[in-house]
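Biologist: I would like to learn how to read disulfides and helix faces in a model. Could you take me through them?

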Amino acid sequence: MRRAIAIAHIILLSVLFASFHEALCESTLLTRRTRRKTTPPSKASSISCDFFHGNWVYDDSYPLYDSSSCPFIDPEFDCQKYGRPDKLYLKYKWQPTACELPRFDGKDFLTRWRGKKMMFVGDSISYNQWQSLLCMLHSAVPDSKISIDKKDPLSSVTFVDFAVSIMFYRSPYLVDISTESIGRVLDLDSISSSSIWINSDLLIFNTWHWWIHKGAASQGWDYIQDGEKVLKDMDRLEAFSKGLTTWAKWVESTVNTTATKVFFQGISPVHYQGQDWGEPGVKDCGKQTEPVSGSTNPGGALPQQGVVSNVLNSITKRVYLLDITFLSQLRKDAHPSSFSGGHTGLDCSHWCLAGLPDTWNQILYASLI
């Protein structure tokens, strides 16, 4: 009898030990998983939560501000003022697949960046995002004193109560265009404007749209200088890669990224061909009122995204990618189209405000906090 009881005790202790060991292993595994999620990575495209893949969902609490109350919106982005009849495009929130995107808190943003300078550098898409951020901040602190200095190429808005300056520097190619005896020359190896950028605490760069403009009036230059060669034209994707590489070398050699945070805004897509969003019979964004449904983009990735990825991966310093391409490809409905006060024809390149660029800035905010 005693022998049987002893055996039973041994069996019971074995079961308890096995259960304890299993629980301990599971606890250790969960701890490791948690640590992996909270370890800050080097690129914004892999910040613990992937903010860049998901789908658009209806949310009646949107938009984040009333465009009629924002004093910063240029006519080309002010779709409601210039007659856009529908409002459904204003009511969509970006929902990442794996987590929640924090709601933008403008007062918190200004408090965190008190006494700092931030600058958007790039083309009119950067200008679009700059004005979006200004509207989002103004909506949060509508009674804050504001100082405005708008010039070309540098414009600045300062929220005086917080001593925060938010600037836009117009540089469509990032690299230089110089005036020579033969005409205007796009120099793929020169980036002299960078002396103005370097004193900012936060830099958000963008370039692409102008690289595919054709014709001297539209593209803004007459020749391209590539090293020792002066060319009338060249493959635009190759030129983009070389120009962006010059910018990357400047970041690598000049920017102290422990003091200045550097972001590159991903490629902003256009919607001039319905085949890009799975409707081959549609020729432009003119009558679009809803996003592409689901979390798959029928048009696929863009070649210029590969260039951006390769160039950013060549930088050893910490540079963050705001990889807004995919989520923007789904927003065929978010362009001014014909409801623009400063753009002739149909605009399926820029974005209405309020609208899509507000989500870009939400992700910027989430990345910073």
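Modeller: A disulfide is a pair of cysteine sulfur atoms within 2.5 Å. This is a predicted model, where local features need pLDDT of at least 70 and side-chain atom pairs count only at pLDDT 80 or more, while totals for chains, interfaces and linings use all residues. Residues are numbered from 1 along each chain as its sequence is written, and side-chain values use heavy atoms, with hydrogens and water left out.

Biologist: How far apart are the sulfur atoms of cysteine 285 and cysteine 348?

Modeller: They are 2.0 Å apart, and the two residues form a disulfide. Its S-S torsion is -85 degrees, which is left-handed. Cysteine 285 sits in the loop between β12 and α7 and cysteine 348 in the loop between α8 and α9, so the pair ties together parts 63 residues apart in sequence. Helices (H or I, at least four residues) and strands (E, at least two) are DSSP runs, numbered from the N terminus.

Biologist: Which residues of helix α7 are buried?

Modeller: In α7 (residues 303-313) they are Gln304, Val307, Val308, Val311 and Leu312. Seen down the axis, the buried residues of α7 fall within an arc of 120 degrees, so they line one face of the helix. That arc is taken from the directions from the helix axis to the C-beta atoms. The face turned away from the buried side of α7 carries the exposed Pro303, Asn310 and Asn313.

Technical notes:
Buried < 20%, exposed > 50% of the residue type's maximum accessible area, 1.4 Å probe, protein only.
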